[in-house]
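Here is a short report on a protein model with its sequence. Keep the structure open while reading.

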Amino acid sequence: MTLRSRAASLLREPLVHFMIAGALVFALLSGRAPDAGERRIVVNAEVVSRLLNRFTESFHRQPTPQEMDGLISDYVHEQVYYREALRLGLDKDDEIVVRRMRNKMIAIATNDAEAATPSDADLQKLLDKDPGRYAREPKVTFAQLYLGADSPAARAAARDALVALRQGGDATRYAQAAPINPRYEAADADSIGATFGDAFALALRKLPRGGWTGPVTSGLGLHLVRVDAVIAARPPTVDEARQQLANDWHEANVRKAEEEAYRKIVEGYDVVIEQPK
Amino acid sequence: MRRKAIIAALLLGSAFSLSGCDKIKQAVSGKSEIKVVETEFPERVFWGDTHLHTANSVDAFGFGNRLGPEEALRFARGEEVTSSTGQKAKLARPLDFLVIADHAEGLGATKALYDAPRLLITDPTLRRWYDLMHQGPKGSLQATGEMLQARSQNKLPAGLNDPAKALERTRKIWNDHLDTVDRYNEPGKFTAFFGFEYTLMQGGNNLHRNVIFRDNKDRVAKIMPLDPTNELWPDKLWDYMDGYEKSTGGKVLAIPHNANLSNGLMFMMTDPSGGPMTAAQARRRAAHEPVVEITQIKGDSEAHPFLSPNDEFAGYGTAGWDLNNLLNSQPTKPGDLAGSYVREALKRGLILEQTIGVNPYKFGVIGSTDSHNSLSTADDNNFWGKHPGVEPSPTRSTDGFVPGINSGRMNWQSLASGYAAVWARANTRTAIFDAIQRREVYGTTGPRMTVRFFGGWDFKGDDLRGDWVHAGYRRGVPMGSDLSGHKGAGAPSFIVSALKDPVGANLDRVQIVKGWVDKGGKSHEKVFDVVWSDMAKRKPAGGKVPAVGDTVDLTRATYANSIGAPSLASVWTDPEFDPAMRAFYYVRVLEIPTPNWVSYDAVKYHLTLTPDIPRKQQERAYTSAIWYTPS
């Protein structure tokens, strides 16, 4: 759990959020300590509906009347303790309060970014920045005949098998049994790499089309290969890569928001790090 | 003035949160509706981890894990992430699927304690743990070790798991979790499952289960992870699973793990009270738990030398893990072992079926990591350890399993293991779940070996020529199935074909492990070497195939594929078949010797290690069995 997502979960404590954010603004704008608020705790319709919503969101049902009473009573307890604690100045120099405030600030700074929805133009921009990352992998349709580990005997078998195949004959007697398919239909580089190794996936794309060739080396040994079709890599449309783009955009956006907010705030401060003498 | 404007802007921004959030969810869930075509039969194997913990797990956070589900998912998909110890981590090869299985018990509780105001922590134990955690990583490990200790003695302070607070916390974490998992689930490319761990224990004896859902968020959001506190047996879990399926129309299964740390309780011959197991009990277990996790970081549960004295390859990853139960609170007696290992459980299943008519232990097998640092790693040359306290460092190979705590184990006893291999018809939640359900799965200790295994009545050597996979499905059954339709005096024949990891070590041999039960109700086992490399030179002597050799260079942590074979295949007919006896057959594939993770560390950090620390291993794959039942 990163600081960011912890901050985000804190922010979903709406009540606390409301109180602290309010106090925070007040403090920052007026330049004095948060006020403990008036010594009158009102449970009005707004408070009740907030408690109700929070409960419903958590439990996917309405609270029973008894539960609602419990929520209200708990709210009052919380307010009493909270305001009294503020009145006593218990928030001052408390490491936890300091850390939670910091998290709140981060949460406030990043909440917009956390919830933001990228437009298609945003995603297109991200896509254009690094088309390689989102490129639809090239797909290859090919047949292969596996000859086993690279050895002089396997190379000899490869020569004979190649002759047979080029004459349109049957070469299965040269094949080593293995749990791989004789033919792959529009397979992407990842799945070819998972079975044969990445170098083989790469080599396939450079082979001539339509005829048997080889031997080609893979992580498994030697193969004869016939590449029937290669669907070239191409930059995807935003729609095709939407999920990955949105996840990346979201991650980068939140990080940027956090860094920017810090930069803007720290501009207003003199930070002095004294060197030990 | 400028500062005021910033604050105002920040606050304004937050007001838009809700509407924006909904849009994101819609956009993403809309995407996951894409139709993925399933192939006629499984054409490729999908690799994954069904058992990963993030910072939401009560112990993982204590161990120092600060990476949540999002980082875990990004890492599994092949993205680089920064580990909790500040190191850059990346998988050389992405996984095809992932189950984040955080502990339901105390979900988020350690984090809540860490974040709590110290003033309000009145319980002296909780306050001590709070202070330790705030001291830094060492203190945090200490606190977590003490928590685990307390858990094993049922002495956890009540405040840590206050039911009402826990419920609300769990709700929040679970709902957030579902959203995150959904954003990374990409049918056809990467499957992110919903799941959790049901951490059932009896005084430190491990009865843990991972629970995995087949369904999408619409169904899974209707329930919450189930807390096992105060339970002794899995019955409540099975009730919960039944309830989920009934109320939502969805599907869910459970995968027991670390039988090796259960002190014989995982695979008992009796019912919980010690009385005979009933057919109904056996049926209930089999229905909910189609597979078992056979290997992981905390040791391997396939076989134990005490139980299988004639199997010279039994005892991989058992040393150290077989002395005590999970929490080191109770020593393991020799009599406990039979209920703690998978091969013995498969045999017990046959005996029970012969007696009560139902086999409770007719399960398949997978491997997984059980990593607690959000990083699913099972490769010895890129192993990130069980938890942040043992992420790569010069001391981790000589540290305790939980540094600073007497966990009863040394960290070098950790295995860089394992992964789940699934023969599914597509990379989707439904297709992978269904393959696990029908047990068409196997486990490896990390290497991505491809293994096919079919049983039938008329397979011949010639079947390996040409399209034998089709033949396997058409005329036989794949791993995990029942072999039926026996006629006359014929013996079952099996097609087995294994292929090395394309970036890994060659194979030493392929074995078929047979278990059976005789008319007197006694079980037996035998390991058959079926096909091995250099068969012409490696002639069996005294019933054993000679060792493959050893090319490991410890000074550089390398090995050479100059021995072994990249691919081994054979058609094998049981020479000792008796149609009157129940039997199972599963495949074990052994690699040639390779350096273990400790050896890679030793080279990387220039370590001098004592000779008692093992430095080499023969990694392996275990398939689900094929069962024969007399008609």
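**Cores**

This is a predicted model. Its largest nonpolar core holds 184 residues. Val422(B), Val441(B), Phe494(B) and Val496(B) touch the most other members. Strand S23 of chain B, residues 583-591, gives this core its largest share, seven residues. A second, separate core has 10 residues. Ile108(A), Ala109(A), Ala115(A) and Ala257(A) are among them.

Take Val441(B) from the largest core. Neighbours within four places in sequence are left aside here. The contacts of Val441(B) then include Val291(B), Gly364(B), Ile366(B), Val422(B), Trp423(B), Gly480(B) and Ser624(B).

**A buried strand in chain B**

How many residues of strand S19 of chain B are buried? Seven of the seven, residues 493-499, so S19(B) is largely enclosed by the rest of the structure. In a regular strand, side chains alternate between the two faces of the sheet. Ser493(B), Ile495(B), Ser497(B) and Leu499(B) point one way from S19(B). Phe494(B), Val496(B) and Ala498(B) point the other way. Residues of both sets are buried.

S19(B) pairs with S16(B) in the antiparallel sense, over seven bridges. Here Thr450(B) stands opposite Leu499(B). S19(B) also pairs with strand S22 of chain B, residues 567-573, again antiparallel and over seven bridges. In that pairing Ser497(B) stands opposite Ala569(B).

**The sheet of chain A and its helices**

Chain A has an open sheet of four strands in the order S2-S1-S4-S3, with antiparallel pairing. S2 and S3 of chain A are the edge strands, and each pairs on one side only. Neighbouring strands of this sheet are turned by 40° against each other on average, direction ignored. S3(A) and strand S4 of chain A, residues 221-231, are joined by five bridges. Trp212(A) stands opposite Arg226(A) in S4(A).

Helix H8 of chain A, residues 152-166, lies across S1, S3 and S4 of chain A. H8 runs at about 40° to S4(A).

Helix H9 of chain A spans residues 189-196. Ile192(A), Gly193(A), Ala194(A), Thr195(A) and Phe196(A) are buried in H9(A). The buried residues of H9(A) pack against elements of both chains. In chain A these are strand S1 (139-148), strand S2 (183-188), helix H10 (198-206) and S3. In chain B they are strand S1 (44-52) and strand S16 (450-456). Gly197(A) follows H9(A) and has a positive phi, near 100°.

| Site | Feature | Value |
|---|---|---|
| Gly214(A) to Pro215(A) | cis peptide bond | omega near 5° |
| Ser417(B) to Gly418(B) | cis peptide bond | omega near -5° |
| Asn258(B) | positive phi, not glycine | phi near 50° |
| Asn263(B) | positive phi, not glycine | phi about 50° |

Pro215(A) lies in strand S3 of chain A, residues 212-218. Gly418(B) sits in the loop between strand S13 (364-367) and strand S14 (419-424) of chain B.

Where are the two asparagines? Asn258(B) lies in the loop between strand S10 (252-256) and helix H11 (279-288) of chain B. Asn263(B) is in the loop between S10 and H11 of chain B. Are they buried or exposed? Asn258(B) is buried because 24 other C-beta atoms lie within 10 Å, and the cut-off is 20 or more. Asn263(B) counts as buried too, with 26 C-beta neighbours inside 10 Å.

How values were computed
Residues are numbered from 1 along each chain as its sequence is written. Chains are lettered from A and ligands numbered from 1 in the order in which they are written. This is a predicted model: local features need pLDDT of at least 70, side-chain atom pairs count only at pLDDT 80 or more; totals for chains, interfaces and linings use all residues. A nonpolar core is a set of buried Ala, Val, Leu, Ile, Met, Phe, Trp, Tyr and Cys residues joined through C-beta atoms within 7 Å. A residue is buried if 20 or more other C-beta atoms lie within 10 Å of its own, exposed if 12 or fewer, and partly exposed in between; C-beta atoms are placed from the backbone. Two residues are in contact if their C-beta atoms, placed from the backbone, lie within 7 Å. Two strands pair if DSSP finds at least two bridges between them. Axes are lines fitted to C-alpha atoms, for helices over the stretch in contact, and angles run from 0 to 180 degrees between N-to-C directions.
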